[in-house]
Structures are given as C-alpha cells and as structure tokens.
Amino acid sequence: MTALPTMGARLVKLEAQMNAMLQAWLYLAATVEMESGVDLAGMEASLQRKHWPGAPEIDREARGTLGWLCRELAAARAVRQARQRDDGE
C-alpha cells in the first residue's frame, strides 16, 4: 500500500508548481511585450489594485505575489529598454 504524501511534502510540491506557473506567466507576458509591442503597464496597475476582501489571509499573500510579479515584469522591461538604448548608440 502506498503512503499518502505528508502535508509538508504536499505544500512543497504546491509551492514548486506555483513558482513554475509564475515563471511561465512572466515569460509569456515579456514575450507579448517584445513580440507585439503591447505595453502591459496598464495590466500591472490593474493587478496592483486587485483585492480579495472576503479572504484577508489570501488577500495578503496574493497581493504580495502580484506585487512581486509586477516588479519582475517591470524590471525585465527596464533591462530590455536599456539594451535597446545601448544597441542604438
């Protein structure tokens, strides 16, 4: 008989899966910006305003994650813009 994974093992697996999904989202968003020229700053602003008022324990964590995603996307955009400026000089 196979033992069920412990709660700790399940949480580690869930965290790993979420991290992988977040990285995929960042890659997709950056690709959309680069390939289509769409500026996702408006989306970032919308994400920063997102709240889960009925679930304060989720709201705190989710807002932190959304903030991190937006900062990562903005940082990647800044690097790409700096490289474009450097290549243009």
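These legends walk through a few close-up views of a predicted model. Local features need pLDDT of at least 70 and side-chain atom pairs count only at pLDDT 80 or more, while totals for chains, interfaces and linings use all residues. Residues are numbered from 1 along each chain as its sequence is written, and side-chain values use heavy atoms, with hydrogens and water left out.

**View 1. Helix H1 packs against helix H3.** H1 covers residues 7-36 and H3 covers residues 56-88 (helices are DSSP runs of H or I with at least four residues, numbered from the N terminus). Their axes sit 10 Å apart at an angle of about 40° (axes are lines fitted to C-alpha atoms over the stretch in contact, and angles run from 0 to 180 degrees between N-to-C directions).

**View 2. Leu26 meets residues of H3.** Not counting residues up to four places away in sequence, Leu26 touches Trp68, Leu69, Glu72 and Leu73 (contact means heavy atoms within 4.5 Å).

**View 3. Here is the largest nonpolar core.** Its seven residues are Leu22, Leu26, Ala29, Leu40, Leu66, Leu69 and Leu73 (a core is a set of buried Ala, Val, Leu, Ile, Met, Phe, Trp, Tyr and Cys residues joined through side-chain atoms within 4.5 Å). H1 and H3 are the elements that give two or more residues to this core.

**View 4. Arg80 of helix H3 is up next.** Arg80 is buried, at 16% relative accessible area (buried means under 20%, with a 1.4 Å probe and protein chains only). Leaving aside neighbours within four places in sequence, Arg80 is in contact with Ala30, Glu33 and Met34.

How values were computed
Buried means under 20% relative accessible area, exposed over 50%, partly exposed in between (1.4 Å probe, protein chains only).
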